[in-house]
Amino acid sequence: GFTANAQQKAALNSAGNTTIFVGADPFIDAYNAAVNGDTIYLSGGSYNAPNTINKRLTIFGAGFHPDSTSATFPTQITSNILLGENADSLHLEGLQLQTVNKYASTEVNSLSIKRCKIAALDFKVSGTGYSNCISLGLTENIITGNLDLETMNNSIVSNNIIQGQLSYS
């Protein structure tokens, strides 16, 4: 027997039009073509993330839990997610993520992460010139590492499983 995996695909919905991206880095290609307000859909599989997410997007994956991804495989982002100053109102859902963090001097507001598996979420102060962030919504996630929310204000952490340490909240 052998295992066959389908090619990873990313679908970009922009202004009512859908474009499908395939190849070596379909998520990065879809991100590069996206504009604020667009939605990116990722099929099951492993994806590299853009160097910095610096747009207001909605990004959906196929999920991470075996009971819902046995046919599609989980949607795994294999590199860290770094948020830029224009990532306000970013919504991430149905993804298996490594570390999610931001530049120290970057203010990211209205970030929503829902139904994801996250290795670590790091919004702690590092050095000088840091910026606070407002309105983080963490809902129904599994967080396997540390959750450092030192620069977050007015945030909701609801119905999550946190296996690591919650710090600076």
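**Legends to close-up views of a predicted model**

**View 1. Overall composition of the chain.** Of the 169 residues in the chain, 40% are buried, where buried means under 20% relative accessible area, exposed means over 50% and partly exposed lies in between (1.4 Å probe, protein chains only). This is a predicted model, in which local features need pLDDT of at least 70 and side-chain atom pairs count only at pLDDT 80 or more, while totals for chains, interfaces and linings use all residues. Residues are numbered from 1 along each chain as its sequence is written, and side-chain values use heavy atoms, with hydrogens and water left out. The chain contains two helices and 19 strands; these are DSSP runs numbered from the N terminus, with helices being H or I of at least four residues and strands E of at least two. Carbon and sulfur atoms hold 44% of an accessible surface of about 8,400 Å², computed by the Shrake-Rupley method with a 1.4 Å probe, and for residues only the protein chains shown count as cover.

**View 2. The largest nonpolar core.** This core has 37 residues, and those touching the most other members are Phe27, Ile40, Leu42, Ile59, Leu83, Leu97 and Leu121. A nonpolar core is a set of buried Ala, Val, Leu, Ile, Met, Phe, Trp, Tyr and Cys residues joined through side-chain atoms within 4.5 Å. At least two core residues come from each of β1 (10-14), α1 (26-33), β3 (39-42), β7 (81-83), β9 (96-102), β10 (111-114), β11 (117-122) and β13 (136-139). Helix α1 gives the largest share, three residues.

**View 3. Surroundings of Phe27.** Leaving aside residues up to four places away in sequence, Phe27 touches Ala10, Ile40, Leu42, Tyr47, Asn48, Ala49, Pro50, Ile53, Ile59 and Ile77; a contact means heavy atoms within 4.5 Å.

**View 4. Lys102, a buried charged residue.** Lys102 belongs to strand β9. This lysine is buried without a salt bridge, and the nearest side chain of opposite charge, Glu107, is 8.3 Å away. A salt bridge requires a side-chain nitrogen of Lys or Arg within 4 Å of a carboxyl oxygen of Asp or Glu. The side chain of Lys102 instead reaches the backbone oxygen of Thr106 at 2.8 Å.

View 5. Arg115, in the loop between β10 and β11, has a positive phi of about 50° although it is not a glycine. Arg115 is partly exposed, with a relative accessible area of 43%. Asn159, also not a glycine, has a positive phi near 55° and lies in the loop between β17 (156-158) and β18 (161-162). Asn159 is exposed, with a relative accessible area of 62%.

Key: Lys and Arg count as positive and Asp and Glu as negative; His and the chain ends are not counted. A polar contact is a pair of N or O atoms within 3.5 Å; within protein, one must be able to donate a hydrogen and the other to accept it, and residues adjacent in sequence count only if both atoms are side-chain atoms.
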